[in-house]
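Please keep the structure in view while reading.

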Amino acid sequence: MEALYIPLLYLHVACGSIALVVGPLSLIAKKGGKIHRLMGKIFATSMILNGAAALLIAITPGHQNFFLFAVGIFSLYLVGTGYRFLRLKGLGTRTHAQPIDWTLTVAMLIFGLGMCGYGGFLVYHGATLGYVLMSFGTFGLVLVYRDGQLFLKGPKNSRFWLYQHISRMCGALIAAYTAFLVVHGEALGLPPLVAWLFPSVVGSLIPSYWIRKYKKQHKESKSAA
């Protein structure tokens, strides 16, 4: 495992760098167009490889890192569900949640609880970053709850798949920028807590903007019809 550490680290950094560049391009490209789909596929593939490498690095003897492991799990969950919701447009009617969907959700449930528990442990012992871990864990559990509601009861909005796709992929991009700032935050003069939370606070405005825009367009098209 130790012999793979350096190759895995290079893979993690390379794929993360690609995601940081391609992610914003996918956001600004015309939704549903060729460029958007191409950039989206490159982003998703890069994030999956990045997350998988992060998990392996985080459990390498001598390099164990629970935070890196948690970010890896979170990234894989967000990208995985963001992609899968494109395949679940007919959820509750023509299609149903598949084993892969439940696997992603249950994994996030387990690790979300673990993040909250370990974060609480760190806070109890005076570690400020425990609050960060609890925040990420809580957010993951909220998404797990939404997954369960959609899988078991079906969606209330026919365009749920679009809104979930946007929010999950934007969340994965936020995770990528969070990891970047955490690693390079000290060189940039950022306090650790700012490096962890700044991308989430600012980045959350992006999916909110797009979802509001598409909801408005959908409402206007229904009114016109």
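## The largest cavity

Phe 67, Ala 70, Val 71, Phe 74, Met 115, Val 132, Leu 133, Phe 136 and Trp 196 line the largest cavity, where a cavity is a set of points on a 1 Å grid over the protein atoms alone at which a 1.4 Å probe fits but cannot get out, and lining residues have an atom within 4 Å of a point. Helix H3 (66–84) and helix H5 (129–153) are the elements that give two or more residues to this lining, and the largest share, four residues, comes from H3. Helices here are DSSP runs (H or I, at least four residues) numbered from the N terminus. By class the lining has nine nonpolar, no polar and no charged residues; Ala, Val, Leu, Ile, Met, Phe, Trp, Tyr, Cys and Pro count as nonpolar, Asp, Glu, Lys and Arg as charged, and the others, Gly among them, as polar.

The largest cavity holds about 60 Å³ of space, and the search of the whole structure finds four cavities of 30 Å³ or more. A volume is the space filled by probe spheres set on the grid points, which are joined across faces, edges and corners.

## Basis of the model

The model is predicted, with local features needing pLDDT of at least 70 and side-chain atom pairs counting only at pLDDT 80 or more, while totals for chains, interfaces and linings use all residues. Residues are numbered from 1 along each chain as its sequence is written, and side-chain values use heavy atoms, with hydrogens and water left out.

## H5 against H6

The axes of H5 and helix H6 (residues 160–184) come within 13 Å and cross at roughly 160°, axes being lines fitted to C-alpha atoms, for helices over the stretch in contact, with angles from 0 to 180 degrees between N-to-C directions. That crossing makes H5 roughly antiparallel to H6, since angles over 145 degrees count as roughly antiparallel, under 35 as roughly parallel, 65 to 115 as roughly perpendicular and the rest as oblique.

The contact (heavy atoms within 4.5 Å) joins Phe 136, Leu 143, Arg 146, Asp 147 and Leu 150 of H5 to Phe 160, Gln 164, Arg 168 and Thr 178 of H6. Its residues divide into four nonpolar, two polar and three charged.

## H6 against H7

The axes of H6 and helix H7 (residues 192–203) come within 8 Å and cross at roughly 150°, which makes H6 roughly antiparallel to H7. On the H6 side the contact is made by Ile 174, Tyr 177, Thr 178, Leu 181 and Val 182, and on the H7 side by Ala 195, Trp 196, Phe 198, Pro 199, Ser 200 and Gly 203. This contact has eight nonpolar, three polar and no charged residues.

## H2 against H6

Helix H2 (residues 34–58) packs with H6 at an angle of about 55°, their axes 11 Å apart, and H2 is therefore oblique to H6. Phe 43, Ala 44 and Met 47 in H2 meet Met 169, Ala 172, Leu 173 and Ala 176 in H6, a contact with seven nonpolar, no polar and no charged residues.

Note on methods. On a 1 Å grid over the protein atoms alone, a cavity is a set of points where a 1.4 Å probe fits but cannot get out, and a pocket is an open set with protein on both sides within 12 Å along at least five of seven lines; lining residues have an atom within 4 Å of a point.
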